[in-house]
Amino acid sequence: ILTYALYHQTKYAIIIDTCEKYPRKLDFNKDYPDVYYFIARAYSKADQLNKAIEWYIKLIEIKERADAVYYLGCALANKGDYDKAITVFKRITGKETEEFKALAYLQCGIIHTKRNKIKDAEDNYIRAYSIAPKNIQVLYSIGIFYYLHGDYQKALNYLSELLIIDLGHGTAHFIRGYIYEKQGEITQAVAEYESLLSGNSFVLISRLRLGILYFKQADYKKAFEHLHLLYQSEEKTDALLFYYGLICALINHFELALGSWNALMDRHPEDERLKVNIYRVHYLLGCSYANENRYMQAIQEWKEYLKGYTDDINTKKNIAELYFRLFAAEIKSGDTQKARAFLLEAAAFDRGNNKYIFYMALCDYKTGSFDECISHLDNLLNTELDTLRIKYHKGAALVRKGERAQATEILSEVSKSNEKNIYVSHANWLIANEYILNREYEKAIPILEALLC
């Protein structure tokens, strides 16, 4: 009675411990074979197969009962002694043992499957089904057998029979959903997966399949809804991290995409394709930030992108342009030092772009670094930039530097140009101003009159 009670309370360790301590007291009376049975089953549950086999054999020597023979065969099969297991299973005969006979054929089918003897496996599964056509274990196993071997219609048939008996069989619903998905029968697949979304162990995997299924159907909104809910759970599989990152990237949730794929990259740092995808999302996030005028964040994202695409000249130029915009904002706010730092970054990312050299000259002009300003402007002569503009600013720098003779000479060159250019007027104003400062009013007046006309 104690052994019975302990077994049904799943206290297998206590049974085993008692058996180990008092072996003679347990091996005492063959009028109580159930004691042997519970001991054998306890050893089986504890995966101590050699001990289990020993006690099954003791029990069978007293009385060859179908359950003991069946579980002895299972213990041998679990040890890998397949030939001995099949021999034992064949000993189950008689009408009163139909259930265990069906299960024995089922186990033989599993053994032949493991040995890749597919025809023998199928024959044994069919025999099991012919004996016990309403046995859930038989229906499930034969359905899985056909599913794994690509005969989806037969798999669906047997799993459908199972669900008539047990409508709540989660695995059967899930496998049916997966088969329908493979066959392109999306409506049926969705129905199977959705039937598993409440109160069973298949909620997570079913929601994942629904997310993937909707993604493949380009229904990104529903895909995101399922995958986002799943992402809130503690269990984040590789498949979830990949597809959640992918759907987030497609619907412009780039921060979420990076969070998911970076977590996946932590698990698989060798995955080069994933690394490339992450670089691309950094680029897209940079574009998003740039469109929102969040220039510094955009720059940081594009710099991350360039770690994978070091030769992307256009992105480097885009970074330079954003640094230039930051430069312009700081100039406007009056922080020349910070502005200059941004301009240096712009020039570093777009080397050879004379625009940044020109504005560096203007920055030097504003800070009173006239020699540096003039040097930059000299380097820009005979480039694609407006020559009159360059010369005007050089003349202005020379004026501020105190070299008025040279300044007047350069500014005069600009003022005599026949081009319609604002810097012609600016040069004339500056020359007139210099005459006025030197009290040479007779020279300043005709220039000013011409400008007023």
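Q: Which residues of helix 24 are buried?
A: Buried means under 20% relative accessible area, exposed over 50%, and partly exposed in between, with a 1.4 Å probe and protein chains only. In helix 24 the buried residues are Leu388, Ile390, Tyr392, His393, Lys394, Gly395, Ala396, Ala397, Leu398 and Val399. This is a predicted model, in which local features need pLDDT of at least 70 and side-chain atom pairs count only at pLDDT 80 or more, while totals for chains, interfaces and linings use all residues. Residues are numbered from 1 along each chain as its sequence is written, and side-chain values use heavy atoms, with hydrogens and water left out.

Q: What covers the buried residues of helix 24?
A: Contact means heavy atoms within 4.5 Å. The cover includes helix 22 (354–367), helix 23 (370–380), helix 25 (404–415) and helix 26 (422–437).

Q: How many residues does helix 24 have, and what span does it reach?
A: Helices are DSSP runs of H or I with at least four residues, strands are runs of E with at least two, and both are numbered from the N terminus. The expected span is 1.5 Å times one less than the number of residues. Helix 24 (residues 387–401) has 15 residues and reaches 21 Å from its first C-alpha to its last, close to the 21 Å expected.

Q: Which residue caps the N-terminal end of helix 24, and what follows the helix?
A: The cap is Asp386, with a side-chain oxygen 3.1 Å from the backbone nitrogen of Leu388. After helix 24 comes Gly402, whose phi is positive, near 100°.

Q: Is Asp364 buried or exposed?
A: Asp364, found in helix 22, is buried, with a relative accessible area of 2%.

Q: Which side chain is joined to that of Asp364 by a polar contact?
A: A polar contact is a pair of N or O atoms within 3.5 Å; within protein, one must be able to donate a hydrogen and the other to accept it, and residues adjacent in sequence count only if both atoms are side-chain atoms. The side chains of Asp364 and Arg340 are joined by one of 2.4 Å.

Q: Which residues touch the most other members of the largest nonpolar core?
A: A nonpolar core is a set of buried Ala, Val, Leu, Ile, Met, Phe, Trp, Tyr and Cys residues joined through side-chain atoms within 4.5 Å. In the largest, of 121 residues, they are Phe89, Tyr244 and Ile247. Helix 6 (residues 66–79) gives the largest share of this core, nine residues.
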